[in-house]
Amino acid sequence: MICYRLHCTVGHEFEGWFPDADSFDTQKARGLVVCPQCGVSAVEKSLMAPALARSAKGPSIKPADQVLMALRAIRKEVESHCDNVGDRFAEEALKRHDARDDGERRSERGIYGTMSDSERERLEDEGVDFTPIPWIDRSES
């Protein structure tokens, strides 16, 4: 069933329930949709916000909670597959980059840590590939 907010040419507003979206047009064409207050059959749909059905699977998760869950998952993945080099990140990243250019084989395991804005600029200037990631504090994870 669909509930439409309707209005007549006189200005009365009312609701109309229809089995499906096409039923309103069919009934209107046959003159079956009339204003309950004045009987005018010149009736149109009013603008209205759609009603969104909620899932009955359980409580919905707020977008902010979804973001926190994603950030926790990122942190877990990074910590389990990479080495924390702390504030030596820029230095270690540059070493790995230079070793790769020299043909040396370095660890395939990734690294993570922190760096200053000037270190970030230096890595960018040197062409070192890195990806800043949003990091959630352990107290929030």
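Okay, hi everyone. Before anything else, keep in mind that this is a predicted model. The protein has 141 residues, and 22% of them are buried. You'll find four helices and five strands in there, and if you trace along the sequence they come in the order β-β-α-β-α-β-α-β-α. On contacts: taking those with a separation of 6 or more, 54% are between residues 24 or more positions apart.

Let's go inside. In soluble globular proteins, nonpolar side chains tend to be buried together. Here the largest nonpolar core has 10 residues, including Val85, Phe89, Ile111, Met115 and Phe130. Which helix gives the most to this core? That's α3, residues 89-101, with four residues. Val128 is in this core too. Leaving out residues up to four places away in sequence, Val128 touches Ala93, Leu94, His97 and Leu123. There's also a second, separate core of nine residues, with Tyr4, Leu6, Cys8 and Phe18 among them.

Now the outside. The accessible surface is about 10500 Å², and carbon and sulfur atoms account for 50% of that. One thing to look for is a nonpolar patch made of Ile74, Ile133 and Trp135, which together have about 230 Å² of accessible area. Ile133 sits in the segment after α4. Its relative accessible area is 36%, so Ile133 counts as partly exposed.

Last topic: charges. Side chains of opposite charge can pair when their charged atoms come close. How many salt bridges does the structure hold? Seven. Take Glu44 and Lys28, whose side chains meet at 2.5 Å, N to O. That pair links distant parts of the chain, since Glu44 is in strand β3 and Lys28 is in helix α1, 16 residues apart. Glu44 is partly exposed at 39% relative accessible area, and Lys28 is partly exposed as well, at 28%.

Glu91 and Lys95 both lie in it, four residues apart, or about one turn of the helix, and their side chains form a salt bridge at 3.6 Å, N to O. Arg88 and Glu92 make another salt bridge, at 3.9 Å. These four residues, Arg88, Glu91, Glu92 and Lys95, are linked in a network of salt bridges.

So is Glu92 buried or exposed? Buried means under 20% relative accessible area, and Glu92 has 12%, so it counts as buried.

Definitions and conventions. Residues are numbered from 1 along each chain as its sequence is written. This is a predicted model: local features need pLDDT of at least 70, side-chain atom pairs count only at pLDDT 80 or more; totals for chains, interfaces and linings use all residues. Side-chain values use heavy atoms; hydrogens and water are left out. A nonpolar core is a set of buried Ala, Val, Leu, Ile, Met, Phe, Trp, Tyr and Cys residues joined through side-chain atoms within 4.5 Å. Buried means under 20% relative accessible area, exposed over 50%, partly exposed in between (1.4 Å probe, protein chains only). Helices (H or I, at least four residues) and strands (E, at least two) are DSSP runs, numbered from the N terminus. Contact means heavy atoms within 4.5 Å. Accessible areas come from the Shrake-Rupley method with a 1.4 Å probe; for residues, only the protein chains shown count as cover. Patches are made of residues with over 30% relative accessible area and no salt bridge: like charges are joined within 9 Å, nonpolar side chains (Val, Leu, Ile, Met, Phe, Trp, Tyr) within 5 Å.
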